[in-house]
Amino acid sequence: MIRLIDIPNFGSFKSFNWNADFRDSHGNVVHFRRMNIMYGRNYSGKTTLSRIVRSIETKQIPKRFENPAFTVTTDVGVFPSTSIENVPFDVRVYNRDFIAEHLSFLVDELGEITPFAVIGKDNAEVEKEIGVLATRLGTDEPPTALRKSLREAAVVLGKIRAEESAAQNRFELKLTDKANRKPGGIKHDPLFRDPNYNITKLRNDIAAVRGSARELLDSGVRENFHRILTEKQLSDLIWSTEFVPKFTEMQEKVAALASQELRPSNPVGELLADPELQVWVKNGISLHREKRGTCGFCTGGLTAATWVRLDEHFDRAASTLEESIDACIREISAEIARAASIKLIEMESLYESLRPRARVARETLTQVLNSYSSHLEDLKITLLDRKKDLFSARRIERASQTVDTSLVEAINQYASIIGDHNGKSGTLAADQADASQQLRLDEVLKFTKDIDIDSEEALIKELTEAVVLAQGKHELLRTQVIELEAEIAQLRLRLKDESKGAAKVNQYLTHFFGHESLRLQNVEVAGGTGSRFKIFRGNTPAYNLSEGECSLVAFCYFMAKLEAVDAAGKELVVFIDDPISSLDENHIFFIYSLIESVVARRRRDSSGADIKDADGKPTFRYRQLFVATHNLDFLKYCKRLDRPKKDCGHFLVRSKTTGSSIEEMPPYLRDYVTEFNFLFAEICTCADPENATDHEHSFYGFGNNLRKFLEAYLFFKYPVSMGEREDHQRRVEQFFKGEGATEPLVQRVVNELSHLGERFDRSVQPIDIAEISKVAAFVLTTIRHRDPEQYSCLLESVEREDPLQENK
């Protein structure tokens, strides 16, 4: 059976989602039943629904619909409009498209009426051959043979399709959430700077990361990219140094001075033997020469001979060496001061992304400068040692040749970072764009690993391949069924008698409508190329049929065609769309009678007993039945159709500004055949004061409802005129006579509660629940007493228990 229909776009339906839009009053999803009665005004969408069902019959979507999209869910699978031909049901639909296809003569006198045949005279051999093929083909209900295999294949195909769709939807949802969902979607993350990011861009990014050997970024790289994204434009920095290290040069000078050989012209042995004494004497010369005549230490005399002796020991060569040493020491000190004068840039002045490198370079440069100065200090110490002992030459241990080159490299490294900083001011926007892209691609790569995208896509691919295989098997079986059906149809052509098809239409026209003047006749087409049905009025071809006659012929033709060769022995899904058009009350009844006798009535054996299935339930001639109408009188008759117990649905088709919709039929249309029944049910409700809480509208409308009910009920009980305006009052008196004070109370309730013109004060007073319940119970008690059979039937018509049970 058809369970539900989703209609994103077809005809008057727009974005209709059955599960979301069609729920009962308790929030449960409603489904189509075996019998389905629909009511809807003209242009509400009934014909659109019939066209969807007819597309199952014709195996194609009607033309001239822009971007049609719908999905039919059945008890054997889910079928989108793109594969509607796979629905394994035999369907017959009566609507305007059926008339246009088969009875175009009713629309255009140049049109035709397609003939159909019913089984003619027996042909034992052909029937035997048909029987063999039919056995291979099997039946629909219960499914057997090839039809059973096709049904099972359709179930498998529907299940795999559902699994594939679910897997695809789960995967798509993950992609959509990652791309767009707040707050974790890439679109909403300020790091990625793309408010227009969508699932298409995500797919492109996934392709990019999967098409390369990209690995996840380590934390340090990610942090650096984060720093780049938080950076703001900074000023360029001025830091330049033309510092050329001179350590190697200084070292050579010191080596030369330290190793220079020096011997006094007339040395003093004691001084040569004691360098410290020699330094002491050397320093004392400057304190005594031309200042004292005696030694400041021992007070001994300083004779000319003493000065000559000292000058011969500390001769000109020694003075020259000492001066050279002092000059070199000053040069080394100047070099140390020059190295110390190098100023480094404050870290806060640099772009944050450069600071880690700058910090390392700064530390390296500082260490190298300290080392450079330390090596220079070592040279100074060497010179000072030589100065203390001028006459002792010595060899120095040379430092590594990398002292100067290390300093140059450190300076250049630091200078390059300053250059990068100044260059970054011009490339910051591009760097930030690249950082954002790298972080986004890293996030996408992490996402693919988190969801295990390879497994996801492998599953979808596996299910897609399974769908293709299942579809191939289903298509093969469907082709076999079609071929067998075609073969059986060809054999049945040898048995059929098309004149009986016309006779069946005529039978319905005559038996149900008493329309003997119109009849169909099978006539041969000129040239012997086939035959056509033609309408005759008496013995003359009929033209200019009235709209009512067209409706009668069309519907009788459809009902007769349900017994045609191509429908024989099949359980059909039947959809009858608005068969009432310009028909009077009698014809409306006969339309109902024809549906009831040909389609709706349950199967019975020759004795009149119900034919039941394996579960003991009555069987019907149809798989599923839909009857749609805009006519309230016809709707009233439809409620009388023989229907499956607890398997009949009532639906309302409505046209809204947003498109057509399907809803549950409201109780006032579903439950009551006439307004009279409805009014009786309202009185039953008011007979119990406990109902006032949930049915306050019934109590407030009690006066009007009681008046209208008594007017109808009492008119048929007392049809004799009692004098114009006093008729109703006198009928009430007649019916309730002998009831004491209660009859006037009924009169007061009827008059006062149904009219406020002369008793406006009643409208501002609360109603008297107890009084209303008392009157309702009194009216029901009187009806039950005076006419118990009708009372019982009225209760049955509204499916109510007797509210007076306790008072019996």
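Two strands are said to pair when DSSP finds at least two bridges between them, and the views below apply this to a predicted model.

**View 1. The hairpin of β1 and β2 has 2 residues between its strands.** Strand β1, residues 2-10, pairs with strand β2, residues 13-16, in the antiparallel sense over 3 bridges, and Phe10 has Phe13 in β2 as its bridge partner. Within this hairpin, Gly11 takes a positive phi near 60°.

**View 2. Strand β1 also pairs with strand β4, residues 69-74.** These two strands are antiparallel and share 5 bridges, with Ile2 having Thr74 in β4 as its bridge partner. Strand β1 is mostly covered, since 7 of its 9 residues are buried.

View 3. Strands β12 (residues 572-577) and β13 (residues 622-629) run parallel and are joined by 6 bridges, and Asp577 stands opposite Ala628 in β13.

**View 4. Helix α7 comprises the 12 residues 219-230.** At its N-terminal end, α7 is capped by Asp218, which places a side-chain oxygen 3.1 Å from the backbone nitrogen of Gly220. At 1.5 Å a residue the helix should span 16 Å, and the 17 Å between its end C-alpha atoms agrees with this. The buried residues of α7 are Phe225, Arg227, Ile228 and Leu229.

Terms used
Residues numbered from 1 in each chain as written. Predicted model: local features only at pLDDT ≥ 70, side-chain atom pairs only at ≥ 80, totals over all residues. Heavy atoms only, no water. Helix = DSSP H or I, 4+ residues; strand = E, 2+ residues; numbered from the N terminus. Expected span 1.5 Å × (residues − 1). Buried < 20%, exposed > 50% of the residue type's maximum accessible area, 1.4 Å probe, protein only. Polar contact = N/O pair within 3.5 Å; in protein donor to acceptor, adjacent residues only side chain to side chain.
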